[in-house]
Amino acid sequence: MRQALLILLRLAYRWTETRQRASDGVIAEIVQLRRQGFRFIALADDNFYPVTLTDLKLAERQNNPARLAQLQETRAERFTLMARLAELPKDMVFFTQITMEAAEDTAFLDAMRKARIRGALVGVEAVTAEGLKAVYKDFNLSGDNLVKQLQTFRDHGVHVLGSFIFGLPTDKPDTFAATAALAQKAGVTFAQFVMMTPFPGTVDFERWEKAEQANPTLVDGIPISRYWLIPAARRPKMFTPHPA
């Protein structure tokens with residue numbers, strides 16, 4: 001039996017700024033996959049919502065017509081892609097990942113629904129204002145406002161796989177129950193709860209690596225800050241102690 005899910009080549013390449021693939025190449029690849037029998041496809045992109053309404057307003061306020069035109073072009077290309085996805089065989093289903101800010105753009109969510117993008121992984125990360133600040137996502141909403149924002153996806157036909165992080169410095173014993181309760185209240189279709197992991201290239205990793213330099217923690221002679229080199233059976237499940 002053919003595998004049901006295939007990850008596409010990325011829709012966007014990120015260096016100093018986003019370079020978005022044109023819809024022609026993406027559609028051609030999808031058509032080829034459909035001819036091979038694939039119907040369920042994940043559109044692999046760090047953020048399927050490349051231009052937010054806030055981005056457009058900021059460019060307008062800065063009186064930057066060149067930047068505004070670039071953003072509008074990127075946004076229009078994404079709408080073009082979704083319109084073309086809607087024209088593909090009706091038995092095809094798509095999945096992607098997106099930021100919370102897309103909930104503010106109901107026209108975009110409606111276009112996703114028409115394109116049969118049935119679900120998206122949404123990085124909720126934390127449910128409190130303090131937790132969001134700890135992961136530099138204080139532009140996300142928290143509490144009841146977060147519930148309403150997540151429900152907006154569902155109301156417009158997009159199922160949410162909510163991703164939540166445990167182990168933030170602001171977490172307390174009651175954080176676990178509060179996070180689960182919010183996920184249930186918001187009606188997310190699926191939820192994943194992951195441990196805080198300092199990935200290379202992030203601010204958290206750089207801070208942790210610097211702290212480890214004076215007196216490094218070793219596992220089988222390997223610095224814990226190079227945890228990916230430690231054999232899986234010996235690799236710690238938690239890399240940094242919680243401040244509490």
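These legends describe close-up views of a predicted model. Local features need pLDDT of at least 70, side-chain atom pairs count only at pLDDT 80 or more, and totals for chains, interfaces and linings use all residues. Residues are numbered from 1 along each chain as its sequence is written, and side-chain values use heavy atoms, with hydrogens and water left out.

**View 1. Helix H2 packs against helix H3.** H2 spans residues 53–61 and H3 spans residues 65–86. Helices (H or I, at least four residues) and strands (E, at least two) are DSSP runs, numbered from the N terminus. The angle is about 160° and the axes lie 9 Å apart. Axes are lines fitted to C-alpha atoms, for helices over the stretch in contact; angles run from 0 to 180 degrees between N-to-C directions. H2 and H3 are therefore roughly antiparallel (over 145 degrees; under 35 is roughly parallel, 65 to 115 roughly perpendicular, the rest oblique). Their crossing is left-handed. A crossing is left-handed if the near helix is turned anticlockwise from the far one by less than a right angle, and right-handed if clockwise. Leu 53, Asp 55, Leu 56, Ala 59 and Glu 60 of H2 meet Arg 67, Leu 68, Leu 71, Gln 72 and Arg 75 of H3; contact means heavy atoms within 4.5 Å. By class, this H2–H3 contact has five nonpolar, one polar and four charged residues. Ala, Val, Leu, Ile, Met, Phe, Trp, Tyr, Cys and Pro count as nonpolar, Asp, Glu, Lys and Arg as charged, and the others, Gly among them, as polar.

**View 2. Asn 63 sits in the loop between H2 and H3.** Asn 63 is not a glycine, yet has a positive phi of about 55°. Most residues other than glycine have a negative phi. Asn 63 is exposed, at 66% relative accessible area (exposed is over 50%, buried under 20%, partly exposed in between; 1.4 Å probe, protein chains only).

**View 3. Glu 125 lies in strand E6.** Glu 125 also has a positive phi, of about 70°, although it is not a glycine. At 13% relative accessibility, Glu 125 counts as buried.

**View 4. Helix H1 packs against H3.** The angle is about 25°, with the axes 10 Å apart. H1 and H3 are therefore roughly parallel. The crossing of H1 and H3 is right-handed. Ser 23, Asp 24, Val 26, Ile 27 and Ile 30 of H1 make the contact with Glu 77, Thr 80, Leu 81, Arg 84 and Leu 85 of H3. By class, the H1–H3 contact has five nonpolar, two polar and three charged residues.

**View 5. Leu 85 and Ile 98 have the most contacts inside the largest nonpolar core.** This core has 40 residues. A nonpolar core is a set of buried Ala, Val, Leu, Ile, Met, Phe, Trp, Tyr and Cys residues joined through side-chain atoms within 4.5 Å. H1, H3, E5, H4, E6, H6, E7 and H7 each supply at least two of its residues. Not counting residues up to four places away in sequence, Leu 85 touches Ile 27, Ile 30, Leu 43, Phe 94, Ala 115, Arg 116 and Ile 117. Another core, of seven residues, lies apart from it and includes Phe 205, Trp 208, Val 219 and Ile 230.

**View 6. The axes of H6 and H7 come within 8 Å.** They cross at roughly 40°. That makes H6 oblique to H7. The crossing of H6 and H7 is right-handed.
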